[in-house]
Amino acid sequence: AHPGKGAAPEFGIARTPFHDMYQQYLLRWSYLQRQIEYWMDWYERRKNLLLGAQAATHNVALLGIVALLGAAWLLPTRLLVLLWLYSFFYEGLAQGRLMRRNHHTFISVLKDTAVTLWLDTDDKRACAEAWDASTSLDEVVDCGVQLLVLRDWIRTEFFDGRPMVPLRALHRCGTLRELAQQVTWTSDHFARRRQRPRVWWRSTFRNLLDHVPSDVTMFQPFTCQELVDGVT
């Protein structure tokens, strides 16, 4: 930036308390936006499935409802309720495994980078090799890793240079687990949903919802027109 021109405040370097408040609101809005998009998509796909947005998926949904009514007539209701609750617990268990796998991947990459690039003595490298999810950031700094270097590496490696993780956010993280949670949840380099097997007898309802459009397609007339023109 030129000396005569005022540059916009960088994330994590708040010149005034108002700048820090503004940065925190931007980060909170980014998180809230993700939550709103997820729940809108959740609602719209199920609504369009029942209202018949596509004939093929609507017919499959009707067959599923008929099969459910038959199962409710043949099987005890408590068994169906238990199976329904079990599906929720199993989905949460699988999602938790994915999150823990993402945390382990982030910490492993951090350890490899610190050992190969940042630390210059064998004692510091041995200290970095012992890092795990419960390691505090103070121990990371004591090993010789500067927080500014860590922040810049996170931005370059997981956010393509965008200032999504401010320096203050690093100070608020007590352990590497908390830092991994923040990075893996906000970065597009980590999967936030597990990949389901594409077989008809597992996650049938969720696989069916993948073929149901959400209402966002109603607001893309130009894209649809361009596709039609390309086909014709």
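Which residues lie nearest the centre of the second largest pocket? They are Q24, L27, R28, Q182 and T186, and the lining they belong to counts 14 residues. Before we go further, keep in mind that this is a predicted model.

Let's stay with that pocket for a moment. The space in the second largest pocket comes to about 340 Å³. Three elements each bring at least two residues to its lining: helix 1, helix 7 and helix 8. The biggest share comes from helix 1, which gives 6 residues. Sort the lining by class and you get 7 nonpolar residues, 4 polar ones and 3 charged ones.

Now for the largest pocket, which holds about 2,200 Å³ of space. There are 44 residues lining the largest pocket, and R46, E91, F205, R206 and L209 are the closest to its centre. The elements that put two or more residues into this lining are helix 1 (17-51), helix 2 (55-74), helix 3 and helix 9 (204-209).

H103 has a relative accessibility of 14%, so it counts as buried, the cut-off being under 20%. T105, on the other hand, is partly exposed, with a relative accessible area of 37%. What does H103 touch, once residues up to four places away in sequence are left out? Its partners are A180, Q181 and T184. A180 turns up again with T105: the two are 75 residues apart along the chain, yet their C-alpha atoms are separated by 9.0 Å.

After helix 6 comes D160, which has a positive phi, near 55°.

Finally, let's turn to the cysteines. How many disulfides does the count come to? It comes to 1 disulfide. The partners are C127 and C143, with their sulfur atoms 2.0 Å apart. This pair links distant parts of the chain, as C127 is in helix 4 (residues 122-129) while C143 is in the loop between helix 5 and helix 6, 16 residues apart. In general terms, a disulfide is a covalent bond that joins the sulfur atoms of two cysteines.

The surroundings of the two partners can be told apart by their accessibility. C127 has a relative accessible area of 32%, so it is partly exposed. C143, at 4% relative accessibility, counts as buried. Another cysteine to look for is C173, which is buried, with a relative accessible area of 9%.

Note on methods
Residues numbered from 1 in each chain as written. Predicted model: local features only at pLDDT ≥ 70, side-chain atom pairs only at ≥ 80, totals over all residues. Heavy atoms only, no water. Helix = DSSP H or I, 4+ residues; strand = E, 2+ residues; numbered from the N terminus. Disulfide = S-S within 2.5 Å. Buried < 20%, exposed > 50% of the residue type's maximum accessible area, 1.4 Å probe, protein only. 1 Å grid on protein atoms, 1.4 Å probe; cavity = no way out; pocket = protein on both sides within 12 Å on 5 of 7 lines; lining within 4 Å. Points joined across faces, edges and corners; volume = space filled by probe spheres on them. Nonpolar A, V, L, I, M, F, W, Y, C, P; charged D, E, K, R; others polar. Contact = heavy atoms within 4.5 Å.
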